[in-house]
Amino acid sequence: MLRKRPSLSQVIMFGITVGVAVVVVGYFAMYFQRNKSLEASKKGIFPKMPAVENIQKYTTDKDGEHYFSINYTAKKTSEENIIVWSRLVYSQDGLNSYIRKRKHNGLFTEGIEQLEQRNVLYEFKCTKDKPEYTIHEIYEVGKGGKTLDYGKTDKDREWGYVPPGSHLESLSKVICAKK
């Protein structure tokens, strides 16, 4: 028995149906993840930012004041790398700009106006001509020390080159010189 070949219109309709289904599933997945993060922020169930010692200022820009502290206890991917906490204490302009970016990227902004600082645990490779970095954790901390948003990468982190002219370039010059 021979099977009938689908017509062009049937193939197109099947493709459209699958495409719409993928978009709908993706939308709902993003919607539920956004709401899950917002609820965690409201309930205060994100982890508390660990204490950071020996913090030093390394630059100031339009976003605010940038500080760092080398972390000697976090697990590195390689012994010659440096792990460092970076803290941005937002200026009002920097905070307003960050809130606009979050809105543009579809992230929740409810309660973020209370944001005071962003703490990022970076790992740097200083042995190359162009320093590389990856992110381990991010804590967005509001007034009173409450964690408003949190993110952590798994062991398969992506590495990137330090962008020229960025605060990461300033930070990498300071910490790589200490090596």
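## Burial and basis of the model

A residue is termed buried under 20% relative accessible area, exposed over 50% and partly exposed in between, using a 1.4 Å probe and protein chains only. Y133, with a relative accessible area of 19%, is buried.

The model is predicted: local features require pLDDT of at least 70 and side-chain atom pairs pLDDT 80 or more, whereas totals for chains, interfaces and linings use all residues. Residues are numbered from 1 along each chain as its sequence is written, and side-chain values use heavy atoms, leaving out hydrogens and water.

## Strand pairing

Strands (E, at least two residues) are DSSP runs numbered from the N terminus, and two of them pair if DSSP finds at least two bridges between them. Strand 1 (residues 56–61) pairs with strand 2 (residues 64–70) in the antiparallel sense, over five bridges. These two strands form a hairpin with two residues between them; K57 stands opposite Y67 in strand 2.

## Aromatic pairs

Rings of Phe, Tyr and Trp (its six-membered ring) pair if their centres lie within 6.5 Å; planes under 30 degrees apart count as stacked, over 60 as edge-to-face and the rest as tilted. Y90 is buried at 13% relative accessible area, and Y98 is buried at 12%.

F124 and Y133 form a tilted pair, 6.4 Å centre to centre with 40° between the planes. F124 is buried, at 0% relative accessibility. W85, Y139 and Y150 form one aromatic cluster.

## Charges over rings

A charge sits over a ring if NZ of Lys or CZ of Arg is within 6 Å of the ring centre and within 35 degrees of the ring normal. K125 lies over the face of W159, 4.3 Å from the ring centre, and the charged end of K130 sits over the ring of Y161, 5.0 Å from its centre.

Technical notes
Helices (H or I, at least four residues) and strands (E, at least two) are DSSP runs, numbered from the N terminus.
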